[in-house]
Amino acid sequence: MKDKEIYMSRNPLIKSIVDEQGYYVLRGALSPQEVEELIQATNNAFAIPENEPDLLTLNQTGHVHKILYMFSKGDIFLKTLVHPSVLKILSLLSDEPEKIVPTWEDMLIKVPYKGVPVKVHQDLALQSIRHNVFSLGIYLHSSHPNPVYYLPKSHKLGPLTKEEIYKVYETQKEQFLPIYAEPGDIVVHNVKTVHYSEENKSPDPRYTWYLEFRTLDQLRGDSPWDEDWILSRRAIWVSALKRYAPTMVDWMQDEDVLQPYLNPLKLKISHTNENIGYDQSNPYNHF
C-alpha cells in the first residue's frame, strides 16, 4: 500500500534497534502545537466532574497519578492515536499492522516535587507473554529531571517473576540507562524490557501517554479478553483511522464486521470485569 510504503521508508532501523535493545526513541514525533493541545486536553480532564472515576489518586497525598480512558477525554487523543508517527512505528514493528488493536491508553501523571516513583518491572499484568508486544510512551514534558531507566536487552530474558525482576535489578542496576525524552518524543519499548523511574522531585510535571498495541490474532490466542472486548477495542482504532487517516484503507478492511461496535462507539472499555482482574498472586504481576 502506498501509505505503508511511505511509513516504512522512514528509518527502518527502528525495528532492528527495538529488537536488539528493547527500546527506541523517536525524536520530534509530535509538533509543539500537537503537544500543547494534548497537555491542554489532559488538564481539562481534571476539571470535568464526570471524569472523577477515571482519575487515580494516591492515598498519601491525594494527587492524581494516572488518568484512565484517554480516548474519551477529547478528540485530540483519537487523532493522536493514528498520528503519522504512530502509524510509522506500527508499520515497522508489527507483522500484521492491518490487524492492530489498541489495548492500553493510560496517561501517567508525575506531579511536581512528589511525583510517584514506578518500581522496577516488566509490563506483564494482563499481558501476552508469548508474543512481542510494544508500548509507546508519548512525552508531553521533558523527562530530563525524571527519566525512565531501561535495562538494555533485558526483553531477551523473557517474562520474569517478581523475585527474578528484583534479582536482575540488584545484580545489574549499574547497567540501567536513563532515557531522556523531550516534549513530542515517543519512546517505544518491548513490554518485557525491564524498567523503572524514580520519584519526580523537580518543580516540573511530567505527563506521559502510554499506548499499547497488539494484533487481533495475539489477543484471540493469548489474552484474557473475549471477542466482544477485542472487537470493541478494534472499533476504536478503525473509527480513528476512518476519521483522521482515511487513506489507510488496508488497515480497516473489517469495517463491515465492526458495524455493531462502531455505532454506537464506546470509548471507555475496562480491562477488568467480574471475570478478569489483576491477580496479586500471579508472579508476573509486578505491582
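Modeller: Happy to! The second largest pocket holds about 270 Å³ of space. A pocket here is an open set of points on a 1 Å grid over the protein atoms alone, where a 1.4 Å probe fits, with protein on both sides within 12 Å along at least five of seven lines; lining residues have an atom within 4 Å of a point. Points are joined across faces, edges and corners, and the volume is the space filled by probe spheres set on them. The lining has 16 residues, and Leu93, Ser94, Asp95, Asn132 and Gln218 are the closest to the centre.

Before going on, note that this is a predicted model: local features need pLDDT of at least 70 and side-chain atom pairs pLDDT 80 or more, while totals for chains, interfaces and linings use all residues. Residues are numbered from 1 along each chain as its sequence is written, and side-chain values use heavy atoms, leaving out hydrogens and water.

Helix H2 (13-21), helix H5 (84-93), strand S11 (206-215) and helix H7 (216-221) each give two or more residues to the pocket lining; helices (H or I, at least four residues) and strands (E, at least two) are DSSP runs numbered from the N terminus. S11 gives the most, with 3 residues. By type, the lining divides into 5 nonpolar, 5 polar and 6 charged residues, where Ala, Val, Leu, Ile, Met, Phe, Trp, Tyr, Cys and Pro count as nonpolar, Asp, Glu, Lys and Arg as charged, and the others, Gly among them, as polar.

Let's follow two of these elements further. H5 is largely enclosed by the rest of the structure, because 9 of its 10 residues are buried (under 20% relative accessible area, 1.4 Å probe, protein chains only). Leu87, Leu90 and Leu93 are among those buried residues.

S11 runs antiparallel to strand S4, with 10 bridges joining them; strands pair if DSSP finds at least two bridges between them. Methionine 107 stands opposite tryptophan 209 in S11. In S4 (residues 100-110), 11 of 11 residues are buried. S4 also runs antiparallel to S3 (residues 64-67), through 2 bridges.

Finally, the largest nonpolar core has 63 residues, and Leu81, Met107, Ile186, Phe213, Trp237 and Leu241 touch the most other members. Such a core is a set of buried Ala, Val, Leu, Ile, Met, Phe, Trp, Tyr and Cys residues joined through side-chain atoms within 4.5 Å. Tryptophan 237 has contacts (heavy atoms within 4.5 Å) that include Leu87, Leu90, Ile100 and Phe213, leaving aside residues up to four places away in sequence.

Note on methods: Buried < 20%, exposed > 50% of the residue type's maximum accessible area, 1.4 Å probe, protein only.
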